[in-house]
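Have the coordinates open as you read.

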Amino acid sequence: NTDDAKHQIMRVDAATVPVAVLILACMVGSWRLLLIAGLNMVGSIFVSFAVMATLIEGLRLPKPEQTAAQLMEVIALGLCIDYGLFMLRRFRDEVSRGASVAAAVYITMLRAGHVVFMSGITLLFVMLAFVLIPTTAIKMDGLSCAVGIAVTVLINLTLTPALLYTFPEFFSNFDNFGWCRQARSKVEEHFGRTASANSSSASTSAAVTPTTADGPASANESLADYVVLTDDADSEPT
């Protein structure tokens, strides 16, 4: 029954989405960065629905079942939380190391952005494979999910760096959640990544190349060199 499936998806969303957002807030540790994830979620959902409606009307495609809208919403929310965790956490870490906002965004897009792009491409082809199944309902579900994934990846890879570049002072001023910081410290201690180990790694990085609030120490040092030095600091044994 379509209505039963719809209500079941809504119940699952009500139970899991708040928990996922709470975990994202804890890992990112800043309500300012959490705003970016929220804007990505809202934008991905609305744009996905708009693109799908345009395709249905323009190409005269059969209308999908009601569950397709819930599937698009779930995928958009889940991917935005996942991709936000990758990108926003990397941005915060780079700024905390002393990089400028421009350098932090560059490294974030180079490292975390690559992961987001490859993940989205993989999921996109998986969903497009459902279009080959000779069943109208499954075809439209697959197409709807593919549209949702494509739009979500596109928005996360464009809106996130655009906001960080446009409002650098606002988003680089991290207002920590106290309880999140304590929880994160306990998790890091459990996995052996203590604060002292992080301080040691930072000291090693500073010894290799001094940095300033503007990122690289000298004007002649390129962002690419800064990325290499940052990766070297990450690879130091803790």
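Start at Glu-94, which forms a salt bridge with Arg-97, their closest N and O atoms being 3.0 Å apart. A salt bridge here means a side-chain nitrogen of Lys or Arg within 4 Å of a carboxyl oxygen of Asp or Glu. Salt bridges that share partners tie Arg-90, Glu-94 and Arg-97 into one network. The other link in it runs between the side chains of Arg-90 and Glu-94, at 2.9 Å from N to O.

Before going on, a word on where this comes from: the model is predicted, so local features need pLDDT of at least 70, side-chain atom pairs count only at pLDDT 80 or more, and totals for chains, interfaces and linings use all residues. Residues are numbered from 1 along each chain as its sequence is written, and side-chain values use heavy atoms, with hydrogens and water left out.

Is Glu-94 buried or exposed? Glu-94 counts as buried, at 0% relative accessibility, while Arg-97 is partly exposed, with a relative accessible area of 39%. The cut-offs are these: buried is under 20% relative accessible area, exposed is over 50%, and partly exposed is in between (1.4 Å probe, protein chains only).

Arg-90 and Glu-94 both sit in helix H3, 4 residues apart, about one turn of the helix. Helices (H or I, at least four residues) and strands (E, at least two) are DSSP runs, numbered from the N terminus. Arg-89 also has a salt bridge, with Asp-93, the closest N and O atoms being 3.4 Å apart. Those two are 4 residues apart in helix H3 (residues 66-96), so about one helical turn separates them. Arg-89 is buried, at 16% relative accessible area, whereas Asp-93 is partly exposed at 28%. In total, the structure holds 3 salt bridges.

Now move along to helix H4 (residues 101-129). At 1.5 Å a residue, its 29 residues should span 42 Å, and the end C-alpha atoms are 40 Å apart, which agrees; the expected span is 1.5 Å times one less than the number of residues. H4 does have a kink of about 40°, centred on Gly-113. The bend at a residue is the angle between axes fitted to the seven residues ending there and the seven starting there. Gly-113 is one of the buried residues of H4, a list that also includes Ala-112, Val-116 and Gly-120.

What about the surface? Val-19, Ile-23, Met-27 and Leu-85 make a nonpolar patch of about 310 Å². Patches are made of residues with over 30% relative accessible area and no salt bridge, like charges being joined within 9 Å and nonpolar side chains (Val, Leu, Ile, Met, Phe, Trp, Tyr) within 5 Å. Helix H1 (residues 2-28) gives the largest share, 3 residues. Met-27 lies in H1 and is partly exposed, at 31%.

Finally, zoom out. The protein chain has 9 helices and 0 strands, and 38% of its 238 residues count as buried. The chain exposes about 13000 Å², with carbon and sulfur atoms supplying 65% of that; accessible areas come from the Shrake-Rupley method with a 1.4 Å probe, and for residues only the protein chains shown count as cover.
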